[in-house]
Amino acid sequence: MNYFCIFAPQMTKYNTFTLKNGMRVIHLPSDAQVVYCGIAVKAGTRHELPGEEGLAHFCEHLSFKGTERRSAVQIINAIEGLGGELNAFTNKEDTVFYCAIQAKHVRKAINVLCDIVFHSTYPEHEVEKEREVVCDEIESYEDTPAELIFDEIENILFDGHPLGHNILGTSEQVRQYTSEDAYRFTQRYYRPENCVLFVSGLADMKRLTAIIETHMPNRAHESYETHKLNIPQKFSLDSAPIVRLRGTHQAHVIMGTQAYAANNPKRWALYLLNNILGGPGLNSRLNLSLRERNGLVYSVESSMVCYGDTGSWCVYFGCDPHDVRRCCKLVRRELNRLMKRPLTSTQLHKAKQQLQGQLAIACDSREQFALDFAKTFLHQGKERDLNDIMRHIDGLTPEDLQQVAQELFAEDHITTLIYK
C-alpha cells in the first residue's frame, strides 16, 4: 500500500534546482546526522520495449558490478566500510539507487551513487554471475503465490501493456541478456535529464553541487521512447472468477480493478476508502468481517497503486479453499455497503482521524519519506505539499466516497483471480 508521510510545515522547505546537464536536485534540510540520499531514474518496467521484459531490474543489479573507477567489491566497501547502507530497487515506473550515511560522509556517498548510475561498465563476467542471482530471485518469487498473484492481476487489468508485466521477467529472458543489452538500456534512460538526485538531512548543497557536476556525464538530450496507456472510460470485464490450479495448501484470492492516476483528484477519496476497507488497522471493515467475526482468514488487505496515467485497486486474502466463495461474498457485501449507503458524518470523521494518525506515525521513517518526495519530484516535477495532502483528505465528503465506490466497486468492474 502507498502511504504518504506528513511532517510539520517547517520541515518541508525544500531546496530545488536544476544542473546544466538537466539533472534535477531536491534537498530537504534538517539537523539529522544521518543523511538519506540517492538517484531516482525514470526507468521501470513500463519503459521496456518488447523483448526487454525484466531488463530494467537486471540493469539495477548490474550497476553494482563495476564502474570505470571501481570494482564490485570496491563499490560495496566504499559505503559499507563507513558504516553506511547502499541499496536499490526497481518498480513499474522507476529505478532508485540510494544510501544512508553519516552526514560527514555524504560527499563520498554522492560520488559513489553518481559512479554506479552513470559510469557502470556492466562487465560480461559479472553479467554471467548475476544472471544466476536474478534467476534464483525469480524462482523464489514464483514459489510465493501471495506475491505472484498481485502481478498476475495487474497483467490481467493492463493486458497488452508493459505495466502489466512483472518486474523480474522470466529466467529464460534473463539468461539471454548481455552486457550490450544493459548498456543499451541504460544509455537510453540513465541520463541526467531523466533523473532526480535527492538528499534528506544535513548537507552543504553548494559544495555537493560541484561534486555532482564533476561525476556526471554531459550527454546530449536525445529522445527516448515511453509507453502511454489509453484508459477506457467505462470498464467492461468478465466478472466470472479466473481460477489457477497451483496445488497450494491455502487458496489465494485477489479482487481488483483499474483505478486512478497519480494526478486524478478522485484518488484522495479512494485513498480514504481503501483505508476504511482493508488498511493496516485491525478495525478495517474487511478484517472485522472476514477474520474477527467469522475466523475465515489470517490476513486480509486492500491496496491501491497510482501510476502516471492509470492505477489499480485490489483486495487480497488467503483462506481455506472451501471458504473462498463465502469470503468473496463477505467482501462483496462490504463493497456494496459503501456503494449504497454514504458514511455518516461521525464515521467519516473517525476514518479521517485514523488515517491522519497512521500518516503521522509513518513519518518516523525518514528513509521512506525521502524516497517518497524523490519520486514525487521525479514524476510530477513538483515538491510534495504536505499541508495540501491533509486539506484534500479533510475536504472529502460522504458523497465523494460513495461516488468513487459506485464507480469502481460495481460487481461488473471487479476481476477476481483465485489460486488453489
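Reader: In which loop is aspartate 320 found?

Author: This is a predicted model, in which local features need pLDDT of at least 70 and side-chain atom pairs count only at pLDDT 80 or more, while totals for chains, interfaces and linings use all residues. Residues are numbered from 1 along each chain as its sequence is written, and side-chain values use heavy atoms, with hydrogens and water left out. Helices (H or I, at least four residues) and strands (E, at least two) are DSSP runs numbered from the N terminus, and aspartate 320 is found in the loop between β10 (311–319) and α11 (324–340).

Reader: What does the side chain of aspartate 320 reach?

Author: A polar contact is a pair of N or O atoms within 3.5 Å; within protein, one must be able to donate a hydrogen and the other to accept it, and residues adjacent in sequence count only if both atoms are side-chain atoms. Here the side chain of aspartate 320 reaches the backbone nitrogen of histidine 322 at 2.9 Å. The C-alpha atoms of aspartate 320 and histidine 252 are separated by 8.8 Å, although these residues are 68 apart along the chain.

Reader: Is arginine 46 buried or exposed?

Author: Buried means under 20% relative accessible area, exposed means over 50%, and partly exposed lies in between (1.4 Å probe, protein chains only). Arginine 46, whose place is in the loop between β3 and α1 (55–62), counts as buried because its relative accessibility is 5%. Its side chain makes a polar contact with the side chain of aspartate 309 at 3.1 Å. Aspartate 320, by contrast, is partly exposed, with a relative accessible area of 37%.

Reader: In what order do the strands of the open sheet stand?

Author: Two strands pair if DSSP finds at least two bridges between them. In this model 6 strands form an open sheet in the order β1-β2-β6-β3-β5-β4, with mixed pairing. Because β1 (15–18) and β4 stand at the edges, each with a single partner strand, one side of each is left without a neighbour in the sheet.

Reader: How many bridges join β4 to β5?

Author: Strand β4 and strand β5 (residues 95–102) run antiparallel and are joined by 6 bridges, and a hairpin connects them through 4 residues. Glutamate 85 has alanine 100 as its bridge partner in β5. In β4 (residues 85–90), Leu86, Ala88 and Thr90 make up the covered face, whereas Glu85, Asn87 and Phe89 make up the uncovered one. Strand β3 (residues 34–41) also pairs with β5 in the antiparallel sense, over 8 bridges, and there cysteine 37 has cysteine 99 as its bridge partner.

Reader: Which residues of helix α14 are buried?

Author: An α-helix has 3.6 residues a turn, so residues three or four places apart point the same way. In α14 (residues 386–394) the buried residues are Leu386, Ile389, Met390 and Ile393. Seen down the helix axis, they fall within an arc of 95 degrees (taken from the directions from the axis to the C-beta atoms), so they line one face of α14. Those buried residues pack against α9 (267–278), α12 (345–362) and α13, where contact means heavy atoms within 4.5 Å.

Reader: What is the phi of tyrosine 122?

Author: Most residues other than glycine have a negative phi. Tyrosine 122 has a positive phi of about 50 degrees although it is not a glycine. It lies in the loop between α3 (106–118) and α4 (124–142), and at 3% relative accessibility tyrosine 122 counts as buried.
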